[in-house]
Amino acid sequence: MKKKINYIGVLPALLIAGSLVLTGCADNDYDLSDMDTTIAVGSNNGIALPTNSTHIIKLSDLIELEDDGVIKLDDKTGVYYFYQEGQDIEPGNPSVDKILVARQSITEHDVTLEGIDQDALLQSIADQFHSTVDFIKANPSMIPSDPVPLPTPIHVKGYIQVFDFQTQQNDAVMDLDTVFTKGDFDLSIWFNDKVRNAITKIDQINIAVPSYMKVTTNNKAWNEEKHQFEFKDVYTNRTLQFSGNIEQLYDFQSSIPSDESRSYLVSNSDIIKMKGYVDVDIVISSAKIKVENGAYDDMTVKSQMAMSGNVEIAAATGKFNPDVNFNTFSYIQIDDVPDFLNDPAVKLEISKPELRVSVESDIDLDGMINLAMTSEFTDRPNKTININDIKLHRNSTTNVLICNSDIDEEGVDEYKEDLHELLTRIPHRIKMEVTGSVDKTKTGHIELGKTYNFKPSKYIFKAPLALTDNSQIVYNDTINGWNEDLKDIDLYFDAKNHPYVELTARIHNGLPFKLTASGTAIGDNLSALSGMQVIVKTDQPKNQIAASDVTDITIRIEQTEKGAFKKLDGITLRAEAIPQGNADAPLNGGNNYDTDNNSIEELISAKAQVLKLDNISAKIVGKIIVSEDK
């Protein structure tokens with residue numbers, strides 16, 4: 001098993017007892033050829049073994065990190081921190097379907113030309129000839145064949161077409177300001193025979209469409225400002241034809257007016273309705289003089305209008321509330337966790353945790369997302385934190401930082417949320433669930449039928465590791481491979497006085513946390529070995545190694561059953577680390593705080609803060625039995 005903590009690394013040298021003991025206690029006068037095939041070396045008072053006098057272990061020596069692991073070391077600050085990136089989440093796709101406003105009806109309406117005074121026209125001729133109207137009627141040859149000016153030009157106003165379009169409102173539409181449409185119309189206007197007989201030419205005819213429509217046309221008669229076609233000198237023996245495209249609708253009302261005799265455009269939660277009147281304004285200044293009774297009666301302007309079966313709303317400016325469906329979860333998969341954080345007993349606090357994510361938006365609407373973050377464990381209940389109402393900027397990338405401190409980073413939207421509950425212990429993975437919406441109270445412009453994107457980039461989770469009052473981390477170190485040297489060596493077993501190997505040292509703990517150590521003897525299959533026990537004692541209460549203090553420690557590997565020593569392949573040492581006192585102790589670097597919440601200097605450094613072992617001594621108590629041949 002790969003070693004993660006090396007400060008007990010003197011033990012293998014101690015426990016390769018055969019070579020150490022025979023080297024330290026050899027007597028050149030011994031002649032083994034005259035002895036039994038086995039001998040016992042040592043005594044119950046113990047044999048001292050050669051050791052190093054001083055052993056220095058830096059914090060960076062204690063913690064060995066994988067290159068691609070989730071725990072990183074910041075070389076500049078010396079901070080150990082949790083760092084992991086999540087997978088991309090499939091984008092949320094706000095979209096509003098195209099709206100087809102269906103034609104309900106088009107109704108034509110004839111306009112009657114009224115106001116020509118036949119008697120006044122006849123009187124004007126009679127006056128020219130100094131005669132009477134009756135005389136002129138009796139002598140029609142005196143009447144000119146060309147039109148004559150009317151005493152007073154006449155104005156005729158009315159409407160020639162009425163159209164009605166309607167559709168059910170789209171649920172995603174809250175309010176409409178302007179819609180961009182695809183629709184067209186063709187309009188033909190002509191005059192009946194009585195008009196053609198009496199009037200040769202109309203001075204001006206204006207045809208106005210509803211003011212809520214923006215029309216585009218190639219016809220030069222179109223006056224965009226007045227929303228009308230303006231034709232001059234229109235001969236009544238011809239048909240007037242023109243067309244246009246309906247490009248925009250605007251000036252929506254929220255309800256249908258009580259008086260429906262004029263054009264209106266309505267959008268509310270139930271319907272979109274468009275009713276329009278095509279108005280005419282006709283000016284006539286001349287007419288032919290007719291003597292027949294009723295010659296100027298029943299003169300009508302007729303029309304025919306063709307319009308698209310549907311007016312398609314292709315884009316709109318307004319307020320919208322489309323569904324934003326994020327179809328998948330994202331997982332921050334956590335692999336290669338160091339052994340000292342992977343124990344079930346670990347209780348971890350994190351200092352200033354940060355979650356960063358960028359969300360690209362290509363829609364002209366402000367958005368919002370909610371994050372549900374769940375730490376998933378294999379051996380305990382999951383933990384979930386919800387972060388709601390994260391605002392997304394329209395048509396841009398929003399950089400989001402979620403943390404529990406004030407960072408004030410330019411170009412980043414910061415949200416305060418305490419994330420440390422997610423990492424009281426390193427989870428198997430962190431599940432990211434995203435829901436989204438748009439701000440239905442803000443106006444924006446969208447293309448209907450287009451699929452837009454709220455696209456989150458990779459999530460980056462970064463959190464310096466820390467120890468607080470409730471924290472605990474666990475170091476497990478397995479040192480094995482001894483059996484190759486010990487398999488031919490045994491300790492003489494005394495049931496009353498168990499033989500043992502003992503290491504003593506003085507530890508100068510330069511770290512801001514205290515350790516509680518224990519150990520287990522193991523066989524060649526790495527399982528606990530019966531017949532051997534590891535006893536760890538210190539001169540501190542509860543066998544602890546005091547923080548920022550000096551502690552005497554004894555590690556004893558004791559044989560409790562005969563023959564067990566020959567099966568020994570190594571030991572597993574376990575050290576549980578808890579903070580000293582009440583101050584936060586980042587597992588390297590980071591800021592701590594005094595009682596007034598003022599920042600104080602960093603407590604430990606990966607390279608500068610150390611464990612120092614001195615006064616190291618080792619001995620074997622009991623007799624070592626070796627074969628002469630071995």
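**Exercise 1. Describe the open sheet that has the strand order 18-25-21-22.**

Step 1. Count the strands and find their sense. This open sheet has 4 strands in the order 18-25-21-22, and the pairing is antiparallel. Two strands pair if DSSP finds at least two bridges between them. Strands themselves are DSSP runs (E, at least two residues), and helices are runs of H or I with at least four; both are numbered from the N terminus.

Step 2. Look at the edges. Strand 18 (330-333) and strand 22 each have a single partner strand, so one side of each has no neighbour in the sheet.

Step 3. From one strand to the next it averages 20 degrees. The axes behind this value are lines fitted to C-alpha atoms (for helices, over the stretch in contact), with angles from 0 to 180 degrees between N-to-C directions.

Before going on, note the ground rules. This is a predicted model, where local features need pLDDT of at least 70 and side-chain atom pairs count only at pLDDT 80 or more, while totals for chains, interfaces and linings use all residues. Residues are numbered from 1 along each chain as its sequence is written, and side-chain values use heavy atoms, leaving out hydrogens and water.

**Exercise 2. Classify the aromatic pairs Phe82–Phe461 and Phe185–Phe229.**

Step 1. State the rule. Rings of Phe, Tyr and Trp (its six-membered ring) pair if their centres lie within 6.5 Å; planes under 30 degrees apart are stacked, over 60 edge-to-face, and the rest tilted. By this rule there are 9 aromatic pairs.

Step 2. Apply it to Phe82 and Phe461. Their centres are 5.9 Å apart and their planes stand at 85 degrees, an edge-to-face pair. Phe82 lies in strand 4 (residues 80-85) and Phe461 in strand 28 (residues 460-467), so the pair ties together parts 379 residues apart in sequence. Both Phe82 and Phe461 are buried. Buried means under 20% relative accessible area, exposed over 50%, and partly exposed in between (1.4 Å probe, protein chains only).

Step 3. Apply it to Phe185 and Phe229. This pair is edge-to-face too, with 6.5 Å between centres and 80 degrees between planes. Phe185 lies in strand 8 (residues 173-191) and Phe229 in strand 12 (residues 228-235), so parts 44 residues apart in sequence are tied together. Phe185 and Phe229 are buried.

Step 4. Widen the view. Ring pairs link Phe185, Trp222, Phe229, Phe231 and Phe242 into a cluster.

**Exercise 3. Which residues have the most contacts inside the largest nonpolar core?**

Step 1. Define the core. It is a set of buried Ala, Val, Leu, Ile, Met, Phe, Trp, Tyr and Cys residues joined through side-chain atoms within 4.5 Å.

Step 2. Read off the answer. The largest nonpolar core has 146 residues, and Phe82, Leu113, Ile199, Ile207 and Phe461 have the most contacts inside it.

Step 3. Follow Leu113. Leaving out residues up to four places away in sequence, Leu113 touches Val156, Val195, Ile199, Ile202, Ile282, Ile284, Tyr296, Met299 and Val301. Contact means heavy atoms within 4.5 Å.

**Exercise 4. Is His130 buried or exposed, and what of Asp298?**

Step 1. His130 is in the loop between helix 4 (118-128) and helix 5 (133-138). Asp298 is in the loop between strand 15 (271-287) and strand 16 (300-307).

Step 2. Check the accessibility. His130 is exposed, at a relative accessible area of 78%. Asp298 is exposed at 56%.

Step 3. Check the backbone. His130 has a positive phi of about 55 degrees, although it is not a glycine. Asp298 has a positive phi of about 55 degrees and is not a glycine either.
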